[in-house]
Amino acid sequence: MIIKHQRGRGNKVHLLLDDNYEVTTDINFWADHFIPDGTEITEEEWEELLEEINYKKALNKCADLLSRRDHSVKELRTKLLRTVDEKSADRAIERYKEAGYLDDEAYCKKLVEYLFTVKKYSQNHVKQECYKRGIDSSIINEMLAEFEFDAVDTIEELIKSKYADKLTQENGRQKVVQALMRKGFSYSDINNAFYRIEDE
């Protein structure tokens, strides 16, 4: 098989085998792995080159996704598999884990803190959000145990801030109770928060 390359738009480089387009990589990769046009390569050599191209693609995709926000390992892997093969995805993930940019425990800790303190979620809701991101249940439970959370305090704060106007509407209290239960808070905790507010 005869390999050739063609410059594409931006920093893209298209590779051809026997004048048929096969794959696109970037100029940095091609500078490191350059093969002169017209070189004959074996099937094995081509497969090795293709594997490295896909690995570089997976690394670049990891960098792009992690620059936008933190991800769990499972989240990142799911997104990678939309554009790269399984082997390349797993190699890239291991590389980023070794470099310390991918850590489910650290990610879960930040997520739990954000959902409790900023979003004001219930413990059940926080658990669900962590599960959705593919974090292992043992890590979730460990992080929840570390975080001090008072459901009644949170509900009281939500009633006074987010739901104060709703209480003045017809059937306001019932609507607020339903809204809080949808957030995963228990009926008893909601009632306790109302009792506390009324006592004040």
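Asp18 is partly exposed, its relative accessible area being 42%, and in this predicted model the residue sits in the loop that joins strand E2 (12–17) to strand E3 (20–26). Although Asp18 is not a glycine, its phi is positive, at about 50°. A second residue with this feature is Lys120, which is likewise not a glycine and has a positive phi near 60°; Lys120 belongs to the loop between H5 and H6, a pair of helices to which we return below.

His71 is placed in the loop between helix H2 (43–68) and H3. Setting aside neighbours within four places in sequence, the residues in contact with His71 are Leu65, Leu66, Leu76, Lys79, Leu102 and Tyr107. Asn141 lies 70 residues from His71 along the chain, and the C-alpha atoms of the two are separated by 18 Å. Leu81, for its part, is found in the loop between helix H3 (73–80) and helix H4 (86–98), where, residues up to four places away in sequence not being counted, Leu81 touches Glu86 and Ala89. Between Leu81 and Ala58 there are 9.0 Å in space, C-alpha to C-alpha, for a separation of 23 residues in sequence.

We can now turn to the packing of the helices. The axes of helix H5 (residues 104–117) and helix H6 (residues 123–132) come within 10 Å of each other and cross at roughly 140°, an angle that makes H5 oblique to H6. The crossing of these two helices, H5 and H6, is right-handed. On the H5 side the contact is made by Cys108, Leu111, Val112, Leu115 and Phe116, and on the H6 side by Gln123, Val126, Glu129 and Cys130; sorted by class, the residues of this contact between H5 and H6 are seven nonpolar, one polar and one charged.

H5 also packs against H7, and here the axes come within 9 Å and cross at roughly 50°, so that H5 and H7 are oblique to each other. The crossing of H5 and H7 is right-handed. In this contact Asp104, Glu105, Cys108, Lys109, Val112 and Phe116 of H5 meet Ile139, Ile140, Glu142, Met143, Leu144 and Glu146 of H7, and the residues of the contact of H5 with H7 divide into seven nonpolar, no polar and five charged.

Which residues of H6 are buried? They are His125, Val126, Glu129 and Cys130, and, seen down the axis of H6, these buried residues fall within an arc of 135°, so they line one face of the helix. What covers the buried residues of H6 includes H5, helix H7 (137–146) and H10. Following H6 comes Gly134, whose phi is positive, near 80°.

Just after H10, Gly184 adopts a positive phi of about 100°.

The crossing of H8 and H11 is right-handed. H8 contributes Ala151, Val152, Asp153, Ile155, Glu156, Ile159 and Lys160 to the contact, and H11 contributes Asp189, Ile190, Asn192, Ala193, Phe194, Arg196 and Ile197; by class, the contact of H8 with H11 holds eight nonpolar, one polar and five charged residues.

Terms used: Residues numbered from 1 in each chain as written. Predicted model: local features only at pLDDT ≥ 70, side-chain atom pairs only at ≥ 80, totals over all residues. Heavy atoms only, no water. Helix = DSSP H or I, 4+ residues; strand = E, 2+ residues; numbered from the N terminus. Axes fitted to C-alpha atoms, helices over the stretch in contact; angles between N-to-C directions. Parallel < 35°, antiparallel > 145°, perpendicular 65-115°, else oblique. Left-handed = near helix turned anticlockwise from the far one by under 90°. Contact = heavy atoms within 4.5 Å. Nonpolar A, V, L, I, M, F, W, Y, C, P; charged D, E, K, R; others polar. Buried < 20%, exposed > 50% of the residue type's maximum accessible area, 1.4 Å probe, protein only. Arc of directions from axis to C-beta.
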